[in-house]
Amino acid sequence: SSTIDHSLTIGADLSSMLHSLGLPRDNKRHRILDTFQSPWAETSRSEVQPRFFIPSSFSNISNVLQCNTTPPTFNNIELDQQRVALFQDETLFYLFYKHPGTVIQELTYLELRKRNWRFHKILKTWLTKDPMMEPIVAADGFSERGSYVFFDPQRWEKCQREFILFYNAIM
Amino acid sequence: TQTEKYYLVFTEWVKLVQKVDDNDPMILAFIKQLIDKGVISSTDGLIEFLRASLELSVFSFKESDPTGEVFTSIDAIIKLIIKLFIMGEYKEYSRKQFLNLALSVVMMVFSDDHEKEENTFNERPYFRLFSNLLCEWQILSGHQFIKVKNVDTRKELIEFEEEFYNIIAKFLHTIQPIAFPGFSFAWITLISHRMFLPIMLRLENKSGWKSLTNLLIDLIKFMEQYTDKNSIPDAISVVYKGALRVFLGISNDVPEYLIENHYELMNYLPPTYLQLKNVILGAIPKKMMIPNPYDPDLSMENIESCQQQPNIFYNPVNDLKTLKKPVDNYLRIPSNSLLRIIIASLFKDVYERKNGIGYEHLMVDSKLIRAIILHVGIEVGIENERTSSSAVFNTKSSYYSLLFNLINNDTTTIELKYQIIHTIIEQLRYPNIQTYWFNFVIINLFVSDEWSDGNKKQEIQELILRNILERIIVNKPHCWGIIVLVMSLLKSSEVDLLSYSFIKEIPEVENMFQQM
Amino acid sequence: ELSSRVALQLESSLLNCPDSLDADTPFLFQKPLSLNHPTSIFFPSEP
């Protein structure tokens, strides 16, 4: 009859449903139920932690993040500033994104600025000038066009982009 | 009051677990005091304490700021239950009984709340409770419970793992949607939980499959109850889409489960859910590379896997009951008297309301028909291995003649014919001996001149084509065996589909076959 | 027929349907790596 929901009888094209399940990925068959977020795509709005195991050898590593307590903590600003200055960029990015709303996020922000990185407020990513190319400042002085290196937190890597940078968008 | 004292003690626990690590000595000290000071040293005390703690946790969920940490108390109570489960050296009862006791308290509070709150019942805290229980168990059970120091306890837990999941399944069966509609969406999310479904599918010796099939049948029954010819409530449509996605996940991860349990699932699947039916019947064994069914030169005779008997988890012979003898005797020596006994048993004495395509009631026992047909298929596979293909791929064989005569007999109603052919075509799945043999059966039924009269032949041909169309005009997936059957009919020199009056009468159908 | 009582309960269940955040692994206590501190509103607030 006209009112019946035909998706129950003749069904629907399943490709979008399969896509929401992450199928098909490359031709290998991946298990999907181990990280099944929810029966509906609409309520699968975040990754869920799968079954995993931390070998004991992983849980008592000393000196993580140059810290002599295990697990590591950052509770002393003076000391922390010195430590933070020793970290490589990726470690700073990790601390910045993984521990929001904490002292260490502030410290890594300051350290990255010292290294000429700037945080883009809208893109919510870090960028720095590509040293190989001098940007061209716009006539009105509010922006510049040039080549920049972005740190992409989704792919966890640096990538170079042509970009028009508005000075009020960075901090 | 005593309950308020329990509230105070539980509140201390909630504060403590937010302040110290999971295996901090203070945790153990707190639990030891709980027992030493008599808070939970008796069964009654334990029940009342857990009940008070759970009621307080649900209350605090309802009162919490939705943007804040709404589950802190619920998370804490599960941590307490897991700790008590591991640490408790109980004299009066075993760990298994403790778990049953704790979950029974949850059931009491849950059903009370569901009953009282009616439409304002909120399923989320109870969902979180079960979800946490599954997650905590996962964390605990990693690498054969390596976190548990006590050797005896660890050994007991390793043996208990299977039972743990079947106990959870039993409680989920108790709170199924037909009984607690206010918990329906949480329930579907729980049976497909990443810490439950994949484990139930892979427990040793398939020891989780029986409970899992029960739960999936609970889900199917629930959908069927509200799948009416005229209208489907939106919420049920959403339930269906969730169910379809879950079955797609199972088909991808463990197709063997669907392959070996299709019989029971088909017994409950509403006949109108054609796409879901194709997902279940279309499952293909993981390691199998299947030939292209559209290949005009394809012949099942040359396909090795078409000689293999498919596994089945639940043997349909169990459902034949008193019919087993007449059916097996007929397969040994066909006789009309046996046939009459079998046919007479296929009719129900009260009709069953079952929304099909073109019908609303069933006068025949579709489950019994499915049991007989699958039993014949299994017997054919055995005979094929024991003697030879010619013994079974033979229209004089008792296997074929049973199916032919069930349809050809004068007492067989059109409904019974439809159900028999419908169920035979359900067996056309991935390449195996049953797909191969039932394909042989359908082709011979289609072209046979043994029917009692010409009309009957047309009637059977129409029923066969109708059942095929139902399965292939729906959106994909389509079953390998059905496509092969269609190709066989299109190629057969004895079949001229476009010449049949019942096809010419309906232009859309005629056009469809012309396309093919 | 879907009784109105069941229909309403089903509706409320759909409204409260748990999502993947509800299903995530619970963490009651995690030794904080660093103390809380008000940082810029532009900074990411979720790990």
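Biologist: Where in chain B is Pro477(B) placed?

Modeller: Pro477(B) lies in the loop between α22 (454–472) and α23 (480–491) of chain B. Helices here are DSSP runs of H or I with at least four residues, numbered from the N terminus. The model is a predicted one, in which local features need pLDDT of at least 70 and side-chain atom pairs count only at pLDDT 80 or more, while totals for chains, interfaces and linings use all residues. Residues are numbered from 1 along each chain as its sequence is written, chains are lettered from A in the order in which they are written, and side-chain values use heavy atoms, with hydrogens and water left out.

Biologist: What is the peptide bond from Lys476(B) to Pro477(B), cis or trans?

Modeller: That bond is cis, with omega near 10°. In chain A, the bond from Thr70(A) to Pro71(A) is also cis, with omega near -5°. Pro71(A) is found in the loop between α2 (56–59) and α3 (77–86) of chain A. Most peptide bonds are trans.

Biologist: Why is Asn205(B) called exposed?

Modeller: Its relative accessible area is 70%. Exposed means over 50%, buried under 20%, and partly exposed in between (1.4 Å probe, protein chains only); Asn205(B) is therefore exposed. Asn205(B) has a positive phi of about 55° although it is not a glycine, and is placed in the loop between α9 (197–202) and α10 (209–225) of chain B.

Biologist: What makes Lys206(B) partly exposed?

Modeller: Lys206(B) has 31% relative accessibility, so it counts as partly exposed. Lys206(B) has a positive phi too, near 55°.

Biologist: How do you know that α15(B) is oblique to α17(B)?

Modeller: Helix α15 (residues 324–332) and helix α17 (residues 366–386) of chain B pack at an angle of about 40°, with their axes 11 Å apart. Angles under 35 degrees count as roughly parallel, over 145 as roughly antiparallel, 65 to 115 as roughly perpendicular and the rest as oblique. The angle of about 40° therefore makes α15(B) oblique to α17(B).

Biologist: Which residues make the contact?

Modeller: Val327(B), Asp328(B) and Leu331(B) of α15(B) meet Ile372(B), His375(B), Val376(B) and Glu379(B) of α17(B), where contact means heavy atoms within 4.5 Å. These residues divide into 4 nonpolar, 1 polar and 2 charged. Ala, Val, Leu, Ile, Met, Phe, Trp, Tyr, Cys and Pro count as nonpolar, Asp, Glu, Lys and Arg as charged, and the others, Gly among them, as polar.

Note on methods. Axes are lines fitted to C-alpha atoms, for helices over the stretch in contact, and angles run from 0 to 180 degrees between N-to-C directions. Helices (H or I, at least four residues) and strands (E, at least two) are DSSP runs, numbered from the N terminus.
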